[in-house]
Each structure stands twice: as C-alpha cells, then as structure tokens.
Amino acid sequence: MQRLAGSQPRTEPPPFPRKPFASAPPPRNKARHHGTPHPRRYRGPRAVTTSTHPSTPTAIERELVTLLGAEAVLPGSTRAYLSDATESRNLRGRADAVALPADPAGVAQVVRWCYDHDVAVVPRGGGTGFTGGAVPDGGVVLGLERLRAVRSLEPELWRAAVDAGVPTAVLRRRARESGLMFPPDPGAAEQSQIGGNIATNAGGPHAFKYGVTGVWVTGLEVVLAPGELVTVGGPVRKDVAGYDLKSLLIGSEGTLGIVTGAWLKLTPAPEAAYPVAAFHDSIESGCAAVRSVYESGLVVAALEYLDEGSVRAAAGAFPGDGPAGAKFLLIAEADGSAEEAGRVRAELLEVLGAGSAAVYAPTEPRAVADLWRWRDGVSIAVTGQRGGKVSEDIVVPVDRLAEAIGGTLEIGARHGLEACSWGHAGDGNLHSTFLIDPAEPDEVERAEHAAEELFALAGRLGGSVSGEHGVGLVKRGALVRQWDPAAIAMHEAVKRTFDPKGLLNPGKKLPRATE
Ligand SMILES: Cc1cc2nc3c(=O)[nH]c(=O)nc-3n(C[C@H](O)[C@H](O)[C@H](O)COP(=O)(O)OP(=O)(O)OC[C@H]3O[C@@H](n4cnc5c(N)ncnc54)[C@H](O)[C@@H]3O)c2cc1C
C-alpha cells in the first residue's frame, strides 16, 4: 500500500467541522406545520403568487432574496436548473425560483420558508441523474452547488467530512493526493456531487468490490422538514444505537430530507490497478466469462460489460486494439499492492483468455486511465448515435444477466427501436437502452413503452427496476411490481413521517403512481 501523506497529529476526536449554524427563523404558522397528516400531490404554491414574465421577479423569488440575498436567487426560468440527464428523453420541468444558499443554515432557511408557505422544494446536485429526480414541477429548486468545502480530510484516520456540493471527482482527487481512495465512482464524476451520490446511493464500476456510496457514509448533516438542521451518525465507524436513519436517508432522492454535509470513510488507495478487457463473439460467451470470474474465486475490483451495440457506438475512441465486430466486451480489473494486482491480473488473463476472441490488458497508469475514461464515455457515445436515448438501470441476479441482455434487444426489436446495453456485469446491473431521436414524439413514446416492458422483465428474472440510478420521476410507481402491499404501505408511511406535507421533491420515488 502507498504511504498515507499529510497525516497530522490530533489530540481529540473532531466534531463535525461545520460552519457556524445560525438557527433558522421560527415557523410563522405552527399549526400548518403539523396539521396535514398525509402527503398530497403538490399543486403549486399557496399564498404566494408567481409570474410568468421572465423579467419580473416572482413573489417567491422576492421572498427568497430577502432570506438569502440577491446573489443566491435565480429566476425559475433558468434553463440549467430544469433538467438532468433525462433531457435526452425530452424531460424538462418548470420552477418558480432557484435558490442557491451558501451554507447549511441557508438550506434550512429555504426549507423552512417553503414548508411554511406550502411550496415544493426540489434539491439539486450536479444534475447528472438519469431518472428526472432533480427535475422540478413548480416550486423552488434548491441547488447545493455553493456548499463546496472539503471540511476536513484526515488521512491518518481514513476519513473526510465534506459539504454536500463537493463534486465527486474533487473528493476523489483530494483523497488520492493523500494516498487514499473514495471508491464510489459514478461516471459523471466531474459534475455529480457527493450529496447527489448520497441521495441516489450511486454506484459505479468499482462498486463490485467496494460497494455503493452508502457503504462509505458514516454520518449525515441533513435538513429535515420543516427546516431543522440535524445530524445522524458522525465520524464513528460503527453505531447501532438507534434505528438506522442514516441508511433511510441515503438513497431517498431528496424526498425525506436535504443533505448538506457528510462524514465519509476513505480507504488506502491500491498501489496498482490492472484492467483486462476481453472481447467475445457472443453474449453467451461473455456472460459465461462473468461466471468464470466468480468461480475462479478472484476478488476483482470491477467487472463491466458492453454488448455489441454499445461497443460499436464507442469503438472509434477505444484506446487499444480490438477485433472489429465484437459482440461483447468484458472488463475486469485486478487491484491491490503491485504484487497482488500482478498475481490477480495473471490469473485473470488465464480465466478470461480462454473463451475470448482478443484481450487488451494495459498496465501503464496512463493507458489504464485512458481505458476507464473511455468506459466513462460510453453513455455519451451511445446517446450520440441518434441524439437521444431512454436508458434504464435494471438489475438482475448475476446468473440471469445473459437473459436480461438478450431480452433488452428483443424488447427494442418489438417496438422498432435500436437497443443496446452495458453496465456492471458483476452486479447484474444493466443500462438497458433504446436509441431515439428526441424530435420524434412517436419514438419517444415507443421507448417509454419499451421501458415498461424492461421493468417487467427485471421482475420476471427476480431483479429490480433500479440498481443504482433510483426511481425519480421516470420510474415512479414501479415499486408496486416488486414489493408486497405491506412493504409499499411502510414506504408511504416513512414518507409521511419525514415529510407530512409532501413538499420535499414531490412526485419522485412514489412507490405507486396513483397520486
Ligand atoms: C455519463 C453518466 C454516467 C453515469 N454513471 C453512473 C454510474 O456509473 N453509477 C451511478 O450510480 N450513476 C451514474 N450516473 C448517474 C448520476 O451521475 C448519479 O446518479 C449521481 O449520483 C447523481 O448526482 P448529482 O449530484 O448529479 O445529482 P442530481 O442529478 O442533481 O440529483 C439526483 C437526485 O438526488 C437528489 N439530490 C441531489 N442532491 C441532493 C442533496 N444534497 N440532498 C438531497 N437530495 C439531493 C435530487 O433531488 C435527485 O432526486 C451517471 C450519469 C451520467 C450522466
């Protein structure tokens, strides 16, 4: 392992290094805070008026300016805050105002004001989500982008405390400079934020060995309704004292609370990482290789795949040699000390070499980084094929992967759509994708129907509608397919408890689409 750099002696365990928290103003009307027992569908702001004229600030904007200052408020029509990565399937929302508070106290003030005035509040990180989770349907978009401080990084204790708005790549680089690693690596790391990753419990290629974001979170600073800044957990690595509220908030997609900061675990960075990319002639051969890796007992850091259509879409930028017309590409990575990574790589070459058509296995750090950069660009390359895509991250038991990959192609063909998939083979997590021209409403509609069939396929194969992107807007209601009624009722009860007025990211993550 590399030596940890930058260690500094400390004498006492640190509290969360939070900026001073000025308490939020008291609620104007307490009765309203407790008087609505059930969430209801958000139907627009009450008691405040909005304006459709772009140059006239709405009443909501004016109130937010009073709370936060003019530099922290943008018109609701500001396009950059109305969509996320689902824009390539034509999803775009509307908002009454955009609030960009500078600190957790400001976040609490916005939530307090919104709760007091029955205005929806839609938290927004980097806007890279694939489910429309950050796409508003009226109300206030609450951007976390100004909360950008790495509050502390303690290499000697393998931990960090960060603001929610820190971009994923910034934290990963900072950890790396100290010989450490923050393992979660969702593909759009320069834009996505730690808060967004926590809100979606994001994964990534290396989640196969290291787990999803939640594994690395030991504590959260979060604003709960009606505007309370609270902490759950902290720098402790184990804590079983209460119900696991931290885990309930992780992956809650902004529907239970707004993350303003987090305590995170780090781990020593592996000294070496060696990917082995093996091309196959068929889906069956590629999926058999996935199974062979499992059976070999090798602990690999990542086990990724691309099917034929995905390889074709990204082939032009592939950083090595590969056979033309490959039907499947599997990328496994060995990591650890140089000796360990080298040993696993050698065994991987044997396991994957056997049934494959060709192998590309770089060892130079630059070539390794190029391969992963290429892998991160697959989603964009696929989108570039026709200008848009409807892509869903279904997950199935790993032994059903070949059926899910083949099933994706069949569904596409039935709807007259070009289809492909890629994703995290080791976790059985596909990005099943239908290519569309967003300007063709008929295609978009057919792709949405195809997505419904995908969810049914995931269910039939014993899987789930989302392995890492969440439910957001585009999969609302899909949970009824896979959960018992009692579990659905519990899901709804949790939402009511955290958000009695139903104002936190309304319309998202709904287990049934009846509202
Ligand atoms: C090219 C590309 C590759 C990707 N690869 C992966 C991948 O490998 N694995 C993966 O899991 N995802 C991947 N994603 C999806 C996306 O990057 C992740 O879901 C990411 O974690 C979203 O973070 P964000 O900051 O952009 O959140 P946003 O898109 O802004 O928001 C996502 C959801 O979280 C909520 N939210 C955001 N911030 C907060 C907060 N502070 N408190 C409470 N709620 C909040 C929003 O309301 C919304 O519901 C990829 C996306 C792209 C475009």
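Predicted model: local features only at pLDDT ≥ 70, side-chain atom pairs only at ≥ 80, totals over all residues.
Let me begin with one definition: a residue is buried if 20 or more other C-beta atoms lie within 10 Å of its own. Hold on to that cut-off, because N505, with 31 other C-beta atoms within 10 Å, counts as buried by it.

Hello everyone. Let me walk you through it.

First, the overall picture. The protein has 515 residues, and 52% of them count as buried. Its secondary structure comes to 15 helices and 18 strands. If you take contacts between residues at least 6 apart in sequence, 75% of them join residues at least 24 apart.

The largest nonpolar core has 70 residues. Those with the most contacts inside this core are V300, L329, L330, A332 and I394. Which helix gives the largest share of this core? That is α14, residues 441-460, with 7 residues. Let's look at V300 for a moment. Setting aside neighbours within four places in sequence, V300 is in contact with F208, K209, V293, A332, E333, A334, V344 and L348. Apart from this core lies another, of 64 residues, and V98, A164, M181 and A225 are among them.

Next, the sheet I would like you to find on your screens. Five strands form an open sheet, in the order β5-β6-β10-β8-β9, and the pairing is antiparallel. The edge strands are β5, residues 150-154, and β9, residues 228-233, each of which pairs on one side only. On average, neighbouring strands of this sheet are turned by 10° against each other, direction ignored.

Let's start from the β5 side. β5 and β6, the latter being residues 159-163, pair in the antiparallel sense over 4 bridges. Here you can find E154 standing opposite R159 in β6.

T267 and R159 are 108 residues apart in sequence, yet their C-alpha atoms are 8.0 Å apart in space. Not counting residues up to four places away in sequence, T267 touches W158, L180, M181 and P183. Is T267 itself buried or partly exposed? T267 is partly exposed, because there are 14 other C-beta atoms within 10 Å.

Strand β8 is mostly covered, with 6 of its 8 residues buried. On one hand, 6 bridges join β8 to β10, and the two run antiparallel; look for V222 opposite V259 in β10. On the other, β8 pairs with β9 in the antiparallel sense, also over 6 bridges. There, the bridge partner of L224 is E228 in β9.

β8 and β9 make a hairpin with 3 residues between the strands, and in that hairpin G227 takes a positive phi near 135°. P226 lies in the loop between β8 and β9 as well. What is the peptide bond from A225 to P226, cis or trans? It is cis, with omega near 5°.

Most residues other than glycine have a negative phi, and most peptide bonds are trans.

E253 is a residue other than glycine, and its phi is positive, near 55°. E253 is found in the loop between α7, residues 245-249, and β10. E253 is buried, because 23 other C-beta atoms lie within 10 Å. And here is N505 again, as promised: N505 is not a glycine, but has a positive phi of about 45°. Look for N505 in the segment after α15, which spans 485-498.

Finally, the ligand. How many residues surround the ligand? There are 39, and the closest are G125, G133, G187, G195 and G196. By type, this shell divides into 14 nonpolar, 20 polar and 5 charged residues. β3 (121-124), α5 (194-200), β10 (258-265) and α12 (378-386) each supply at least two residues of the shell. The largest share, 5 residues, comes from α5. And notice β10 in that list: β10 is also one of the strands in our open sheet.

Methods
Residues numbered from 1 in each chain as written. Near = placed C-beta within 6 Å. Nonpolar A, V, L, I, M, F, W, Y, C, P; charged D, E, K, R; others polar. Pairing = 2+ DSSP bridges. Axes fitted to C-alpha atoms, helices over the stretch in contact; angles between N-to-C directions. Core = buried A, V, L, I, M, F, W, Y, C linked by C-beta atoms within 7 Å. Buried ≥ 20, exposed ≤ 12 C-beta atoms within 10 Å, placed from the backbone. Contact = placed C-beta atoms within 7 Å.
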